Amino acid sequence: MVRFKSRYLLCELCVSEPSSLHLFEDKVVYQALRGAVNRAHGDYGAAIFNITLGVLVKYLNAHTGVVLIRCRKAHYRLVWSSLPFITFLENRGQKVRCFFNCIHVGGTIRTSQKFLIKYNRQQLQRMLLDCKTDAEKQDVRKAILSCSLNLIKGEETDGSDDDGDEEDT
Amino acid sequence: MPGAKERMREKKMKNQPRSVQYSSRGQGSQASGWVRGHQAEGHRYSQDLPKHITASFFAGARAAEVSVMLKAVSKPTGSCQVFTALPKHMRRRAMSHNTHRLPLRLRDAALRLAERSQRGPEKPPQAKSRSRRARRRHTHLLLEFNRRQRRSRWLETHIWHAKRFHMQNSWSYRLPHTPTAKSYRASYRAMDTHTLLQDLSYFCCLELQGPEEQILRALSQLTSKQTGPTFAASVCLSGARVGRLLLYRAGQYPHGALGPVEFLWRPRAPECTHRQLWIWIHPALKQDVLPELQAVCQCCESVCEVSASSSAAAVDELRNRKRKCTADAAELPAKRLLGDGTRAVGDPVRWESADTHITISDLTMEIVRFRLIGPLAHLVLTDTLHAANEEALRGVCVDADLHQQQRDVFTQLRGVCSTAELPAGCVLGLTVSDPRLTLPQRRGKTVPDLQHISTESSHARDLTLRGVPAHCSQSALWDTSVRDHVTDSRLSEQELNRVRSDVLVPGSAVCVSGVCAVPLLLLHQPGRVCGQERLRWGSGWDLLLPKGWAMAFWVPLVYRGVRVGGLHMSVKHAQFMAQPHFPHDYPDCPAGERCQSEQEAELLEKFKRRPPSKRTNYVKHGCVAPFRCPWQQLVDEWAELVELGGETQSRAGPVQFTVLRSVSVLRQLSAWCSSASAVTPAAAAALHQEQQGALLWVRLRLLGKGRPELHAAVCVPTTSDLQQLTDGQSSGPQEPRHPDPQPESEGSRSVVSHCSRRTLGWVQQGDFSLSSGRGEALAFISLSGLLQMMIQHQRSLVLLRNPSSLQYRYAHVYIDS
């Protein structure tokens with residue numbers, strides 16, 4: 001059987017007022033995306049959302065504004081090109097101005113996750129440079145340290161993990 | 001409930017992150033995207049945004065995201081560590097089952113994996129069930145029986161019945177219905193000429209104790225003199241006779257009928273106004289009668305005492321014992337549940353009243369009741385029971401003189417020809433020895449000893465003329481302490497068998513010293529008392545015993561050649577006596593209504609079970625009530641019809657239908673039925689006015705052919721029908737077939753005028769009567785209809801038509817009073 005190939009668009013949602021982050025829900029993003037593609041590409045664009053393994057919002061992090069969108073390999077350029085046309089998100093009558101910033105396109109979720117790890121680490125280091133107060137610097141340093149420790153821990157447990165541990169649901 | 005597929009998916013996806021968002025539902029992270037369900041260790045973010053968003057907040061969020069992603073990346077989904085630890089160029093196709101293809105360092109792990117997959121899914125360890133022999137040992141069987149009784153109570157003779165009868169669940173008891181052997185005619189013959197035995201322990205006994213006037217005052221509200229003797233009837237009040245009456249709700253006669261009860265007073269103790277009264281009610285009645293009694297006697301305070309130790313211990317055993325742990329059953333020896341063991345320990349059993357000083361106790365299942373029906377019942381009893389000797393009386397507090405007198409009366413009973421000769425309802429108290437000691441070697445049939453009868457005729461004549469003397473009705477069975485003592489001092493079967501095996505000559509009487517005597521009561525049942533034909537058919541004796549002794553008396557009785565009957569036989573017994581059987585034939589009582597609903601559901605289900613082409617087409621046969629009879633509608637329509645006749649003034653409003661039970665009115669009607677020309681229109685109109693909405697219980701006897709069935713229609717004949725009868729031509733007119741589907745008619749369908757002949761009522765019990773050799777039926781008909789018919793035709797002849805037939809048959813109406 002031929003394999004369904006998809007493309008995962010890793011985007012970052014940038015908002016002017018961080019206080020309006022609570023509006024972000026995957027349905028909201030999906031609706032906004034659908035509207036934008038419809039406006040930009042007409043009926044052909046609208047049809048992309050109806051096929052199997054069509055467009056789907058796979059992951060959303062409201063704190064950091066990370067969105068992972070999946071779409072078919074045949075249509076990812078369509079979706080990508082309509083991302084800049086989304087100017088606001090609407091949820092229950094409240095509008096928030098934002099824009100989508102696509103940072104990575106991957107073929108699998110794992111590659112997107114790996115890229116996200118690298119990207120977040122870079123962002124943390126940049127934040128450290130931009131910090132103004134000492135307390136903030138401390139917090140950021142702590143955050144960076146926690147990431148790295150996890151990395152070490154993850155590598156240690158990789159080799160010694162037995163299969164038995166995995167199946168104790 | 002997650003299916004296997006979802007569980008597998010969850011297992012694979014448990015390392016994948018879920019979306020993090022603020023939702024209004026109260027949880028920090030809601031599932032969406034890859035994984036559904038709960039995450040074991042959730043990244044719980046606080047619900048609200050911090051007031052001032054700082055860099056530290058973002059840093060924390062990003063760090064958390066990084067760790068989540070790391071976890072997702074490092075632990076790949078659904079693959080086992082052994083094979084992913086190998087780089088791609090060293091993986092081989094057959095490495096899952098051929099571990100030699102793996103490097104040495106991974107081979108052990110792979111072997112373990114292979115073994116585990118061979119083993120299969122782990123099941124929780126099951127207790128190994130014991131061998132059949134061990135499972136069927138006596139103690140374990142007892143525990144099993146105690147457990148099974150929790151849903152429907154078992155009578156003490158249950159196991160004996162269960163081997164020989166089809167059992168059914170009724171009124172929360174497990175009762176025998178029909179024998180597995182074909183024995184309808186044999187049972188009828190036994191009722192007619194020999195004896196039939198039944199276990200009626202499921203009847204509930206309510207005991208009232210208190211001063212006599214208070215009890216009588218309270219109970220007089222529940223009865224009416226018009227239906228017959230009440231609780232205060234002088235013969236019954238002395239305790240010499242068993243009485244039978246109908247209970248009504250307080251002060252609501254003639255409406256609000258509850259049902260028939262039997263009652264017995266304890267004979268008066270000298271210089272004491274404290275009396276004891278036993279009321280025997282059908283279990284279907286209990287939920288209606290008990291609150292009424294409590295209200296009338298003002299007994300609101302219940303006395304929650306710890307019930308007798310045996311039942312409490314049994315209930316505790318039930319609660320603490322698990323079904324499979326019978327291996328550790330060594331602490332308490334399993335005891336058979338006696339009495340009402342299914343009652344919860346805290347349920348109230350006694351109610352007391354402060355003002356009237358009356359105590360109501362619920363003695364359900366405390367007293368065993370056997371019924372012997374037939375003309376030779378007294379002989380069977382005198383064969384089986386032997387009065388106790390003096391030394392055994394010590395345990396039971398019975399006066400020696402009284403015992404001697406009772407013994408004499410009992411021996412005189414042998415000289416009586418038939419049970420029917422004795423006066424109705426006489427009571428004999430007796431103290432007997434254990435009947436198992438005199439069990440014959442093999443079963444026989446009691447036959448009357450004609451010589452004995454002829455010699456004892458003078459004594460027997462006293463007995464038949466005057467009945468049992470009043471003081472001989474006293475018995476120690478009335479005292480709770482004596483009953484409990486006797487129940488506890490019963491020899492178990494095992495011990496008895498041991499003693500029996502020690503006897504030198506097998507089959508001779510067994511003498512066991514120090515055994516207690518059993519007090520019991522014998523109540524005479526009169527049988528058929530109303531009407532003129534076959535009076536006293538179906539008379540017999542009722543045997544009352546303390547609990548625990550049922551099987552000890554049952555087996556010796558069966559060894560004397562009685563036939564045993566179940567619920568079916570009690571229905572037939574009532575039918576052949578032309579008496580209504582509770583609860584089926586009491587449509588105005590709440591228990592009767594419930595019974596009718598159940599019967600309707602049953603009949604409907606049976607009807608629906610057959611394929612549509614094989615069902616009886618009730619529409620074509622013009623049958624309006626194949627499953628349930630609409631009495632209210634019948635009564636209303638007849639009232640309207642009589643009004644249209646113009647002689648009576650219009651009544652106030654719809655009257656609730658009742659069954660006419662007033663003795664004087666029934667006597668009058670019975671006289672009119674026998675000579676229908678004596679009915680005058682004025683008298684009929686007066687009666688109709690007085691008894692509005694009345695139904696009448698009548699007996700119909702077919703003149704010729706025909707076998708009436710349940711819910712056959714009783715109809716008014718036309719003049720031409722009667723003419724044809726006198727000409728001797730036909731055996732009955734035919735009903736023209738009704739069209740199906742029915743033509744649309746405005747308003748509701750009339751019940752009375754639906755067919756070509758007007759409906760008077762419906763048959764409740766109908767069958768070919770073995771005693772009279774033709775079809776007989778018992779029916780309820782509308783009083784107004786009957787009166788109008790008798791005025792019109794001057795004859796008490798009706799037509800009867802089965803619901804599945806178009807043929808009318810002629811029948812004569814009798815009212816037994």
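**Loops, strands and sheets**

User: Between which strands of chain B is the loop that holds B:Pro254?

Analyst: This is a predicted model, in which local features need pLDDT of at least 70 and side-chain atom pairs count only at pLDDT 80 or more, while totals for chains, interfaces and linings use all residues. Residues are numbered from 1 along each chain as its sequence is written, chains are lettered from A and ligands numbered from 1 in the order in which they are written, and side-chain values use heavy atoms, with hydrogens and water left out. Strands (E, at least two residues) and helices (H or I, at least four) are DSSP runs numbered from the N terminus. The loop of B:Pro254 lies between β6 and β7 of chain B.

User: What is the omega of the bond between B:Tyr253 and B:Pro254?

Analyst: Most peptide bonds are trans. The bond joining B:Tyr253 and B:Pro254 is cis, and its omega is about 0°.

User: Which strands stand at the edges of the seven-stranded open sheet of chain B?

Analyst: Two strands count as paired if DSSP finds at least two bridges between them. The order in this antiparallel sheet is β6-β7-β8-β5-β11-β10-β9. Each edge strand has a single partner, so one side of it is left without a neighbour in the sheet; the two are β6 (243-248) and β9 (301-303) of chain B.

User: What angle does helix α9 of chain B make with β5(B)?

Analyst: Helix α9 (residues 212-220) packs on the sheet, touching β5, β7 (257-265) and β8 of chain B, where contact means heavy atoms within 4.5 Å. Axes are lines fitted to C-alpha atoms, for helices over the stretch in contact, and angles run from 0 to 180 degrees between N-to-C directions. The direction of α9 against that of β5(B) gives about 125°.

User: How many residues of strand β18 (residues 694-702) of chain B are buried?

Analyst: Buried means under 20% relative accessible area, exposed over 50% and partly exposed in between, with a 1.4 Å probe and protein chains only. In a regular strand the side chains alternate between the two faces of the sheet. Both faces of β18(B) are covered, with B:Leu696 among the residues on one side and B:Trp697 among those on the other. The buried count for β18(B) is nine of nine.

User: Which residue of β23(B) is the bridge partner of B:Arg701?

Analyst: β18(B) pairs with β21(B) (residues 774-782) in the antiparallel sense over seven bridges. With β23(B) (residues 809-814), β18(B) pairs in the antiparallel sense over four bridges. Here the partner of B:Arg701 is B:His812.

User: Is B:His711 buried or exposed?

Analyst: B:His711 lies in the loop between β18 and β19 (713-715) of chain B. Its phi is near 65°, a positive value in a residue other than glycine. At 1% relative accessibility, B:His711 counts as buried.

User: What relative accessibility does B:Gln794 have?

Analyst: B:Gln794 sits in the loop between α26 (783-793) and β22 (797-801) of chain B. Its phi is positive, about 60°, although B:Gln794 is not a glycine. B:Gln794 counts as partly exposed, because its relative accessibility is 36%.

User: Which residues does B:His158 contact, leaving aside its neighbours within four places in sequence?

Analyst: B:His158 belongs to helix α7 (residues 158-164) of chain B. It counts as buried, at 6% relative accessibility. With the sequence neighbours set aside, B:His158 is in contact with B:Met167 and B:Arg174.
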